[in-house]
Amino acid sequence: MYNKNIKLILAAALFGTAVWQFTESEIGNGIFLILLSLIFILFYFKNEFIILAFLKLRKQDFPGAQKWLSKIKDPQAALVRKQQGYYEYLHGLMLSQTNLMQAEKHFKKAVELGLSMDTDLAIAKLNLAGVAMSRRRKLEATNLMNEAKKLDKQGLLKDQIKMMKEQLKKI
């Protein structure tokens with residue numbers, strides 16, 4: 001696991017070497033090195049271990065996703081702010097299967113750090129609403145569900161929100 005700054009340094013070094021190769025009339029080598037430096041820039045903004053963890057989660061392989069996330073030793077040093085949000089979000093999703101109270105901490109941190117997609121933010125807020133319902137905090141749960149409904153522009157969570165509102169009426 002490389003530090004996020006090391007990735008940028010490697011990309012700059014590869015780009016500098018590519019420029020040198022162009023001046024030496026080695027056009028093929030220069031193009032290859034520029035493409036290689038673009039991979040390091042991509043991995044600066046999109047962490048490779050988080051991508052692999054998402055792929056494991058798509059297959060409902062929670063232990064596999066946890067294995068990839070555990071390779072990130074220091075999230076603050078290795079990840080940019082949005083990636084830290086997704087790191088916490090993934091931990092929250094995995095913990096929501098077993099321990100809601102610990103998952104709440106991770107979802108709150110993910111919402112605080114920020115998530116790129118509105119749907120992911122809506123899922124995090126909906127999970128927080130579920131935790132608030134389980135703790136009998138009706139007002140907080142209602143507010144979080146309304147926020148999740150606003151963020152869910154495609155209507156993917158409409159059924160879950162409707163089901164949770166009906167459960168909330170029973171409290």
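**Labels and the values behind them**

Trainee: Why is Ser-37 called buried?
Mentor: Its relative accessible area is 2%. Buried means under 20%, exposed means over 50%, and partly exposed is what falls in between, using a 1.4 Å probe and protein chains only. Ser-37 at 2% therefore counts as buried.

Trainee: Before we go on, what sort of model is this?
Mentor: A predicted one, where local features need pLDDT of at least 70 and side-chain atom pairs count only at pLDDT 80 or more, while totals for chains, interfaces and linings use all residues. Residues are numbered from 1 along each chain as its sequence is written, and side-chain values use heavy atoms, with hydrogens and water left out.

Trainee: Back to Ser-37, then: where does it sit, and what does it touch?
Mentor: Ser-37 belongs to helix α2; helices here are DSSP runs of H or I with at least four residues, strands are runs of E with at least two, and both are numbered from the N terminus. Leaving out residues up to four places away in sequence, Ser-37 touches Ala-11, Leu-14 and Phe-15, where contact means heavy atoms within 4.5 Å.

Trainee: What makes the pair Ser-37 and Ile-34 a polar contact?
Mentor: A polar contact is a pair of N or O atoms within 3.5 Å; within protein, one must be able to donate a hydrogen and the other to accept it, and sequence neighbours count only if both atoms are side-chain atoms. A polar atom of the Ser-37 side chain lies 2.7 Å from the backbone oxygen of Ile-34, and 2.7 Å is within the limit.

Trainee: Which label does Ser-25 get, buried or exposed?
Mentor: Exposed, because its relative accessible area is 60%. Ser-25 is in the loop between α1 and α2, and its phi is near 65 degrees, a positive value in a residue other than glycine.

Trainee: And Arg-136, buried or exposed?
Mentor: Exposed again, at 62%. Arg-136 sits in the loop between α8 (118-134) and α9 (138-151) and has a positive phi of about 65 degrees although it isn't a glycine.

Trainee: What else does Arg-137 bridge to?
Mentor: Glu-140, at 2.8 Å between the closest N and O atoms. Glu-140 is partly exposed, at 28%. Bridges that share partners join Glu-104, Lys-108, Arg-135, Arg-137 and Glu-140 into one network.

Trainee: What about Glu-147 and Lys-125?
Mentor: Their side chains meet in a salt bridge at 2.4 Å, N to O. Glu-147 is in helix α9 and Lys-125 in helix α8, so parts 22 residues apart in sequence are tied together. Lys-125 is buried at 13%, and Glu-147 is partly exposed at 32%.

Trainee: How many salt bridges does the rule give?
Mentor: Eight. One is found across the interface of domain 1 and domain 2: Glu-48 with Lys-7, at 3.3 Å.

Trainee: Where are those domains, and what makes them an interface?
Mentor: Domain 1 is 1-45 and domain 2 is 47-170, with bounds from an automatic or database domain assignment. Eight residues of domain 1 are in contact with eleven of domain 2.

Trainee: And how is the size of an interface given?
Mentor: Often as the accessible area lost when the parts come together. Here the two domains bury about 810 Å², 55% of it on carbon and sulfur atoms; that area, taken with a 1.4 Å probe, is summed over both parts.

Terms used. A salt bridge is a side-chain nitrogen of Lys or Arg within 4 Å of a carboxyl oxygen of Asp or Glu.
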